[in-house]
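Dear colleague,

Please read the notes with the coordinates open beside them.

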Amino acid sequence: MNCKSYLFVFVQAAVFATMFLLPGSALNAQVSGLAERNMSKMANYQNECAIIKNPTNKLQLFSLCNNSTGGLFAARSADGGATWVYPDPSKTIANGIKPALGPAACCDPTLAWDTFGNLYITYIDSGVSNIITLLSIDGGQTFATLATFGPASVDQPTVTADSGEVWVVWNQSGSMVARGAAVTGLGTANIGAFGPLQNIPGTAGCSFGDIAIAPNGAVVQVCESPSGGVGPASLIVNTKADGLGPNPFAAAVTATATNVGGFAPIPAQSRRTIDSEAGLAYDRNNNPVSPATPLGPSPHFGRLYLVYTDAPAVGSADTNIMVRFSDNDGATWSNPPIRVNDDATTRSQFLPRIASNRLSGNIAVCWHDARNSAGNNTMQEFCTVATPTGASPIFMANAQISGGTSDGNGSNPPAAGQADIQFGDYSGLAYHQGLAHPAWADDSNSTGDNPDGTSRYDAYTNEVTGGPAAHEGDPHLTTVNGVHYDFQGAGEFTVLRDYDGLEIQTRQSPIATTFNPGADPHDGLATCVSLNTAVAAHVGKHRVTYEPNLSGVPDPSGLQLRVDGTLKTLGPSGIDLGDGGRIVQTSAPGGLEVDFPDETSLFVTPGWWPSQSKWYLNVDVSHTPALEGVLGVIPQSSWLPDLPDGTSMGPMPGALHDRYTDLYQKFADAWRVTNKTSLFDYKRGTSTKTFTMRNWPLEHPPCVIPRTKPVRPASQLVAERACRPITDEKTHANCLFDVVATGNPGFAKTYLFSQQIHTGSTTTTVTDDKNPTHVEEPVTFTATVRGTEVTGNEVPAGTVQFIVDGDRAGEPVRLDEKGQAMWKTSSLKPGKHEVAAHYIPNPGSAFQPSTSADEEHTVRGED
Amino acid sequence: MRNKRIMQCVVACLVMLTGLLPVFAGDSLYGKVTEVRSADVVVLDYGAGSYVIRVMGIVVPAEGPIANESKQFVSKLVQGKNARMRLGSRTENGEMVARLYTDDPVNGIKDVGLELVRSGLARRSQGEDYQFDYKYNELSTAEREARESKRGLWATAQPQ
């Protein structure tokens, strides 16, 4: 090396050292919301919202709230919460006008949706003397009265349904009572008579509770005692171990004490005040070990979680959200409690709600949070998620979900003697099939469509998911909680997995180089590098791989796509994997989008490296509930994601060598796939071992691989020129690193494609207004196109081409300002039809095309 | 102009003071009525403490025969009996402004404020019914019924 070369290397090293050793950015939100929705858009106020998701159809949601001017605000969504429609033009049910919409309501709506499709709606009637339960068997379009409990002095009903039971618990004349019924199928004919009133012992003066049904059928209720006063109070739990059997609820158990009484004032809710607002949720993931769910059941199947509000002292406004759990249906509870909110302030968190994703055992908690309020008197909605792995749940960093900030003046602004219940007593949360859906009262008018502006609450919701994750270039990783680190191991690794069967694996191949551009700012390691060269995934019931030729002979024409080991050609209409899973092309040459049943999207962007005759891949994941793997959540107390058994890697070691051995031996080996767990396809005689190089990356250069000619680095100038279009700061730095280290400017191209896909990707859904229809009966199909969490509130523009049974149906229809397009027809022939919609962006738009999954529509012939 | 500014300051101070007052509010509370102070103010004991409840949405005469009659009416309904209040708001002195319901084996579940208005022993407060948590015009309907039947306050052409 001559003087010029040394200088070149020195300057490059200095540039990169400066670039990468700058302090890292703060952690991004570990969960993120999409664009929030105003569900109600109604005059006057809606608050105390409940929300529920159909456990058998991830696109169907239903929400109910108090409505100040009569009835209950009611809305349903058939597209996963993107758009909301109403069972009645008044946007209400139980409004005292139409008997078919249920007896007139006072308030306190609560919801449950069982796996048979029964949607239960429970509320207090207008006389405040009966608990009404309605049943809807069509997802909230029509209603029938299922049960009326009363007359009596009643309050705070909660309905829950699971394990072949439906239960309603409420406060009656000061004590908690409950009634349950057996459920064997859809509709009233399959719902037995409600059993006798169960007086729950030890609950005199106890209220503001919740109820949950265990997977084994046991029923557990929680309430707060005393229900008056500012605190302290106790959360009382009673269990009915035999479910619908003849035995009564067992004696009360004190799950926890709390300093937040039933009427505790905080500045953010000074008039209505708050209670501890206890909530229950069971881990119901009992998946068998099978090809569809290789991890089997949740390690804590049957665990019962309790969320509540506590404070350091009675009267303190520093209220916090706490969780305890019980592994014996409420008989004993974990101690100490886990604090959910991660703020360092002494401000208020209140009105928590907990829900468990039955497919994975993940739990979500959402609440009102005043951490950003200097006066501690306004709130934003916050959420977090935890996995069931590990002895006790570790919550991800809290994420602000609401776009705006709401204050407590959104019911009736304080006028002497008028009702002014502020946010009310509770908020709503549904969590199923990957997405959590909180619902809350919001007077920020952040969506710009509240008819009362910022003076009254509307009912808001959002979709909460894991943050986007990336596994790009010389593997630069962005974990689902937004932490960046480099992972240069060689072999095949589990990068993401979840207990509902999702798994993504990547193959990383070592690269011989002569130059390392600098240390990873996350851990200070400057090792040799590797590249993603193949990806495999478990999608619903199918195994999908995208690999170079199994023969090992490089083929610059493309990678090979296999589903369940069978070679596939990906056409423009994609490959339907069932249950919402599918594979479609992206706008990048050879690019794939793999959609999972749980709403995760995996984007694979390949690039061909001619001088090395090698394919390399960028792997990006969005919208995922998966939290484990090398892209998994990094807990606050650790520097790397947890190991597969939930063990934490702990704090980062001080010595660089210890970091290296921790990362590339302990951590890498733990997440390597085995012959048993590998999802890849192999040439006969090869296996995951063939691709494993345990000693890679070498801790220090030279980065030599036997019989491989090292690549030569590129100059900084070449890299800057190639990477100029990459606008994201972190990705731009990764691009520079890769181009300099490998000398391959082609990396910039794959980064650019990934950037375009990431920032412009869309999802299209299609729904029908009725199904089935009869011959010549009109049906309207509505396509809705949405951007990603990156594009936020921007609505995609362009046209939609409807497709019926694979053929174009009419001309493309222009999207309206809501990103929707409608196609009405009465000419479908009798039989079953598959209807889809393909989004075509406007020329020059940053949005990418997308195609919906098929919507099945049946046309009945003349009977 | 100066006066207007002073008034604004006073209002702001009052608003701040309001925020510092002790607050007692919540949702619904069940207990026993231990004292009827007037037709629209009672004390509810919930076992571990008590709250002063001001019945929401009604105006009762402060004195005179109707005042006495209305207090007796309420005493008969709730004095020493179980009752439930549903919170609407609170006053500056910490009273709960609420709808009050009987829970009586004989009388059943009755809305005390509504019964007062229906009997002509109280008028409805000014404003829309829903502003007092009556979503179905119950107060207006009850007052119309009392007026048409010339009960209590409405027995004479000029109500007391």
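Which residues does A:V365 touch, not counting residues up to four places away in sequence? The residues are A:V307, A:I321, A:V323, A:V340, A:P352, A:I354, A:C383 and A:T384, where two residues are in contact if their C-beta atoms, placed from the backbone, lie within 7 Å.

Before going further, please note that this is a predicted model, in which local features need pLDDT of at least 70 and side-chain atom pairs count only at pLDDT 80 or more, while totals for chains, interfaces and linings use all residues. Residues are numbered from 1 along each chain as its sequence is written, and chains are lettered from A, with ligands numbered from 1, in the order in which they are written.

The cores and domains of chain A

A:V365 belongs to the residues with the most contacts inside the largest nonpolar core, which has 252 residues, and the others in that group are A:L111, A:L306, A:A364, A:A436 and A:V739. A nonpolar core is here a set of buried Ala, Val, Leu, Ile, Met, Phe, Trp, Tyr and Cys residues joined through C-beta atoms within 7 Å; a residue is buried if 20 or more other C-beta atoms lie within 10 Å of its own, exposed if 12 or fewer, and partly exposed in between, with C-beta atoms placed from the backbone. Domain 1 (31-46 + 152-464) and domain 2 (467-699) of chain A both give residues to this core, so it lies between them. Apart from it lies another core, of 15 residues, which includes A:F802, A:W823, A:A836 and A:Y839.

The domain assignment of chain A, whose bounds come from an automatic or database domain assignment, also gives domain 3 (763-860). The centres of domain 1 and domain 2 of chain A, taken over C-alpha atoms, are separated by 37 Å, and 25 residues of domain 1 are in contact with 22 residues of domain 2.

Strands in chain A

Strand 23 (residues 320-326) of chain A has 6 of its 7 residues buried, so it is largely enclosed by the rest of the structure. Helices (H or I, at least four residues) and strands (E, at least two) are DSSP runs, numbered from the N terminus, and two strands pair if DSSP finds at least two bridges between them. Strand 23 pairs in the antiparallel sense with strand 22 (residues 304-310) of chain A over 7 bridges, with A:Y305 opposite A:F325. Strand 23 also pairs in the antiparallel sense with strand 24 (residues 338-339) of chain A, over 2 bridges, and there A:M322 stands opposite A:R339.

Elsewhere in chain A there is an open sheet of 4 strands with antiparallel pairing and the order 3-4-5-6. Strand 3 (46-53) and strand 6 (92-93) stand at its edges, each with a single partner strand, so one side of each is left without a neighbour in the sheet. Strand 4 (residues 61-67) and strand 5 (residues 72-77) of chain A run antiparallel and are joined by 6 bridges, with A:L61 opposite A:S77.

A buried loop residue

A:F249 lies in the loop between strand 17 (233-240) and strand 18 (253-258) of chain A, and is buried, with 23 other C-beta atoms within 10 Å. Not counting residues up to four places away in sequence, A:F249 touches A:Q198, A:I200, A:P201, A:N238, A:T239 and A:K240.

Chain B has 4 helices and 7 strands, which run α-β-β-β-β-α-β-β-α-β-α from the N terminus on, and 48% of its 160 residues count as buried. In helix 2 (residues 65-78) of chain B, the buried residues are B:I66, B:S70, B:K71, B:F73, B:V74, B:L77 and B:V78. Seen down the axis of helix 2, these buried residues fall within an arc of 155° (the arc of the directions from the helix axis to the C-beta atoms), so they line one face of the helix. The face turned away from that buried side carries the exposed residues B:P65 and B:K76. Just after helix 2, B:G80 takes a positive phi of about 70°.

The contact between the chains takes 35 residues from chain B and 38 residues from chain A. Strand 1, strand 5 and strand 6 of chain B each supply at least two residues of the side that touches chain A, and the largest share of that side, 7 residues, comes from strand 5 of chain B.

With best regards

Terms used:
Expected span 1.5 Å × (residues − 1).
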